[in-house]
Amino acid sequence: MTMLILEDSRQQERKHEIKHAYFRSVGVHWNRTALYCGDYTLPADQSVCIDTKKDIQELIGDIQVKQMSKTDIKQKVFEIAENNYIGFDLSEQVFHAICDDDTSRFAEKEINDICFKNAIPERVIGEFQSLYVKRHGFFHRGLKRAQNSGIRLIVLVDNREGVRNIDDLSYWVNGRLNIWKKTDRIVGYCKNGAPRYERVRKYPNAMSGERLAKACITMQLKYGVEFQFCTPEEAGERILSILNVKQGE
């Protein structure tokens, strides 16, 4: 009997060959489809979802996503509203649903409810929802979806640096912190007369392991998400173990 799991269709197929090879080796098949949150889950029970990260740098990128400013969001909301004959008061409601703190509310549902109540077309609702993502990021949206839907979400981070848990992560050394580049700005001259150029960090937003670990702990407490770590070779087995998939049957 072949067991079946679901893989999010936004996963780039060729970048997950190690996982796929393991799934095949133990008789597990996967169907690609758009998942509500995460990258892997079960067809009949999506109460547990797994969001995979190819490395620690991808996790950092998700946490540090550049947010679209409130000013730009407001301008875009009112632009969409004007093009679709939506009034000022309703536009204000949508803007606040997108941008206000969403710690204790389900912003995506709130946007939908406002729009459905006022007979706003689905195409326009999609534009408003995309602004929520641009404001908060896909990763944040996934955390909120899981939290508000009672889904157990595990973020599984592949790495070859020996990080097995958040305690290990706090001691992880981010090599990008020590990568520098020259600028065109002259800050002095050497004894031989050659100019000395200013050096700046190539990755100014690089996070230390300690900062990243603290951010993960904060997210665990705030959203109920779990962070797990493994090597790329272990990822396939770990996914099936978390989903409680019986292998080799």
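Here is a short chat about a predicted model and the words used to describe it.

Student: What should I keep in mind about this model?

Tutor: It's predicted, so local features need pLDDT of at least 70 and side-chain atom pairs count only at pLDDT 80 or more, while totals for chains, interfaces and linings use all residues. Residues are numbered from 1 along each chain as its sequence is written, and side-chain values use heavy atoms, leaving out hydrogens and water.

Student: What makes up the secondary structure of the chain?

Tutor: You'll find 10 helices and eight strands. Both are DSSP runs numbered from the N terminus: helices are H or I with at least four residues, strands are E with at least two.

Student: Why is Asp158 called buried rather than exposed?

Tutor: Buried means under 20% relative accessible area, exposed over 50%, and partly exposed in between, using a 1.4 Å probe and protein chains only. Asp158 has a relative accessible area of 6%, so it's buried. Across the chain, 41% of the 249 residues count as buried.

Student: Where does Asp158 lie, and what does it touch?

Tutor: Asp158 lies in strand β5, residues 152-158. Leaving out residues up to four places away in sequence, Asp158 touches several others, including Lys19, Lys53, Cys230 and Pro232. A contact here means heavy atoms within 4.5 Å.

Student: How do you know whether Ala119 is buried or exposed?

Tutor: Its relative accessible area is 67%, so Ala119 counts as exposed. Ala119 sits in the loop between α5 (107-117) and α6 (122-136). Its phi is positive, about 55°, although Ala119 is not a glycine.

Student: And what about Asn244, buried or exposed?

Tutor: With a relative accessible area of 66%, Asn244 is therefore exposed. Asn244 is in the segment after α10 (232-242), and its phi is positive too, near 60°, in a residue other than glycine.

Student: Why is α3 called roughly antiparallel to α6?

Tutor: Two packed helices are described by the angle between their axes and the distance between the axes. Helix α3 (residues 70-83) and α6 pack at about 175°, with axes 11 Å apart. That angle makes α3 roughly antiparallel to α6. The cut-offs: under 35 degrees is roughly parallel, over 145 roughly antiparallel, 65 to 115 roughly perpendicular, and the rest oblique.

Student: Which residues meet where α3 and α6 pack?

Tutor: On the α3 side, they include Ile73, Val77 and Ile80, and on the α6 side, Val124, Phe128 and Leu131 are among them.

Terms used: Axes are lines fitted to C-alpha atoms, for helices over the stretch in contact, and angles run from 0 to 180 degrees between N-to-C directions.
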